[in-house]
Amino acid sequence: MQHRAWQRSQGVEVGPLIYYFGSRYRSQEYLYGEDIEAYLASGVISHAGLAFSRDTKEKVYIQHKMKQDGELLSKMLKGTGSEAAYFYLCGPTWPVPDVYEALVSSLTENGGFERQKAEEYIEELKEEERYVLEVY
């Protein structure tokens, strides 16, 4: 995000950046929250799906935010050339299956893919290093 902000300050045109962040409590764990809000306000981040699972009665995680954004995610994931999207998931391993499912669902429900083709497409994104897991 910092690099993209710098690029914009230099007049470099950058594409949209969609950011998902999840933690338990916004007030205690919204890491770099002031920076994120500033990037949103300035347009460096074009869309954010923020999920704070213990701040509401119903637990909301990033995969829920991703499901809400299914059409947007499908469009971004299917992009090619200069419109090609990159997806990075960083953090603990536990949300990986649910995030994967949200991505596959975005392609099947909004992108015209059959399930098997959507799964194969996610594998292609991995091979192209456009779907990257940095999990522990």
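Predicted model: local features only at pLDDT ≥ 70, side-chain atom pairs only at ≥ 80, totals over all residues.
Which elements do the buried residues of α3 pack against?

Helix α3 covers residues 33–42, and its buried residues are Gly-33, Ile-36 and Tyr-39. If we look down the axis of α3, these buried residues fall within an arc of 125 degrees, and so they line one face of the helix. As background, an α-helix has 3.6 residues a turn, so residues three or four places apart point the same way. To return to the opening question, the buried residues of α3 pack against α1, which is residues 2–9, and against β1, which is residues 18–23. On the other side of α3, by contrast, Glu-34 and Ala-41 are exposed. Just after the helix comes Gly-43, which takes a positive phi of about 90 degrees.

Helix α6, residues 96–110, packs with helix α7, residues 115–127, at an angle of about 125 degrees, and their axes are 9 Å apart. That angle makes α6 oblique to α7, and the crossing of the two helices is right-handed. On the α6 side, the contact is made by Tyr-100, Glu-101, Leu-103, Val-104, Leu-107 and Thr-108, while α7 brings Arg-115, Ala-118, Glu-119, Tyr-121 and Ile-122. Sorted by class, the contact of α6 with α7 has seven nonpolar residues, one polar residue and three charged residues.

Methods: Residues numbered from 1 in each chain as written. Heavy atoms only, no water. Axes fitted to C-alpha atoms, helices over the stretch in contact; angles between N-to-C directions. Helix = DSSP H or I, 4+ residues; strand = E, 2+ residues; numbered from the N terminus. Parallel < 35°, antiparallel > 145°, perpendicular 65-115°, else oblique. Left-handed = near helix turned anticlockwise from the far one by under 90°. Contact = heavy atoms within 4.5 Å. Nonpolar A, V, L, I, M, F, W, Y, C, P; charged D, E, K, R; others polar. Buried < 20%, exposed > 50% of the residue type's maximum accessible area, 1.4 Å probe, protein only. Arc of directions from axis to C-beta.
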